[in-house]
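Please look through the sequence and the model shown here. The paragraphs after it go step by step through one part of the fold.

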Amino acid sequence: MTRSIPAKMVFPAISAIFLSLFFFGHQVAAQDGTAFQKIPTVFQGLARQLVADGFEESKIIALFTNDELKFDNRIMPRKITHDETKLHYDIFLQKRRIKRAKQYIQNNRQLLNAIEKQYGIPKEVKVAILLVETDLGRYLGSGLAFNTLASMAVADDFERIKAYLPSSYQNMSKKERKRIEKRMKNKATWAYSELKSLIIYSSLNNIDIFSIRGSIFGAIGLCQFMPSNALRFGVDYDKDGKVDLFSPGDALASMANYLQFYGWKPNLRKKNQIKVIKHYNHSTPYAKTVLEVARKVKQI
Ligand SMILES: [Ca+2]
């Protein structure tokens with residue numbers, strides 16, 4: 001999952017496009033609020049906030065009255081209790097996975113070589129990331145990114161999610177509870193920002209937002225970008241007019257663009273390669289696994 005960037009860093013050009021797509025003083029046509037009553041109660045405040053932040057009211061109401069919309073109480077507890085150090089990266093070094101990664105390179109050699117030539121990131125590194133992130137596109141998440149991010153954005157009330165936290169969280173000290181509450185608020189704010197990026201991404205690229213699957217934390221596509229990164233680093237590699245992170249060309253070029261931005265260059269020492277990959281996922285075991293998979297894949 002790529003680490004997201006602060007909203008203020010999103011390119012001004014994107015903001016300009018965003019403005020032209022979503023503003024135009026649509027608030028002038030704002031309805032009297034009765035339309036909001038059709039939105040599930042848990043999401044009404046969020047929908048109003050999006051409109052207050054400039055999104056077109058009719059579009060927001062359409063999103064939040066869609067049949068696919070679902071609130072999931074389990075998202076925030078998962079985010080709060082997620083422990084990167086407990087993930088087992090060893091499974092990605094299994095022979096059968098390495099074999100499939102090699103096969104993936106064989107099947108997509110032309111595309112991978114062209115992207116490697118353009119961005120300078122070895123194809124084995126990109127395919128290793130693809131393997132670790134989505135098992136080469138086999139696992140793209142079971143939920144819809146919109147539902148995940150919207151559910152996280154409204155879950156800033158401890159009492160609302162308390163019942164869904166593990167038993168070890170049920171009898172916390174006051175100090176610990178305060179820490180968790182603060183963390184929840186930060187995550188909810190982060191999810192709100194990513195939700196806005198997702199709405200803009202789907203609109204800019206003319207992709208139905210309710211067709212976009214995401215990880216349990218809202219990362220999307222073969223490359224598992226957070227939506228803010230999809231906006232900032234997404235590349236329309238196959239030139240079909242949209243950045244579709246579920247298509248191999250766009251996803252791999254976007255990934256290469258991201259790694260290049262964060263400092264990947266030829267002949268980089270291993271410790272610096274690790275540094276760059278940690279921008280993708282802030283975990284040393286993750287970065288080391290990616291490089292080890294790449295090394296094994298490269299072996300003939
Ligand atoms: Ca494209």
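With 23 C-beta neighbours inside 10 Å, leucine 112 counts as buried, because the cut-off for a buried residue is 20 or more. The model in which this count was made is a predicted one. Leucine 112 is placed in helix H6. Apart from neighbours within four places in sequence, its contacts are Ile105, Lys123 and Leu252. Proline 122 is 10 residues away from leucine 112 along the chain, and their C-alpha atoms are separated by 8.7 Å.

Two packed helices are described by the angle between their axes and the distance between the axes. Helix H6, residues 109-119, packs with helix H12, residues 248-261, at an angle of about 25°, and the axes are 10 Å apart. Angles under 35 degrees count as roughly parallel, so H6 and H12 are roughly parallel to each other. The crossing of H6 past H12 is right-handed.

Which residues of H6 and H12 meet? From H6 come Leu111, Leu112, Ile115 and Tyr119, and from H12 come Pro248, Gly249, Leu252, Ala253, Ala256, Asn257 and Gln260. Of the residues in this contact of H6 with H12, 8 are nonpolar, 3 are polar and none is charged.

The loop between H6 and helix H7 (123-134) holds glycine 120. Glycine 120 has 14 C-beta neighbours inside 10 Å and therefore counts as partly exposed. Leaving aside neighbours within four places in sequence, glycine 120 is in contact with Gln260, Trp264, Lys265 and Pro266. Glycine 120 and lysine 265 are 145 residues apart in sequence, while their C-alpha atoms are 6.6 Å apart in space.

Terms used
Residues numbered from 1 in each chain as written. Predicted model: local features only at pLDDT ≥ 70, side-chain atom pairs only at ≥ 80, totals over all residues. Axes fitted to C-alpha atoms, helices over the stretch in contact; angles between N-to-C directions. Helix = DSSP H or I, 4+ residues; strand = E, 2+ residues; numbered from the N terminus. Parallel < 35°, antiparallel > 145°, perpendicular 65-115°, else oblique. Left-handed = near helix turned anticlockwise from the far one by under 90°. Contact = placed C-beta atoms within 7 Å. Nonpolar A, V, L, I, M, F, W, Y, C, P; charged D, E, K, R; others polar. Buried ≥ 20, exposed ≤ 12 C-beta atoms within 10 Å, placed from the backbone.
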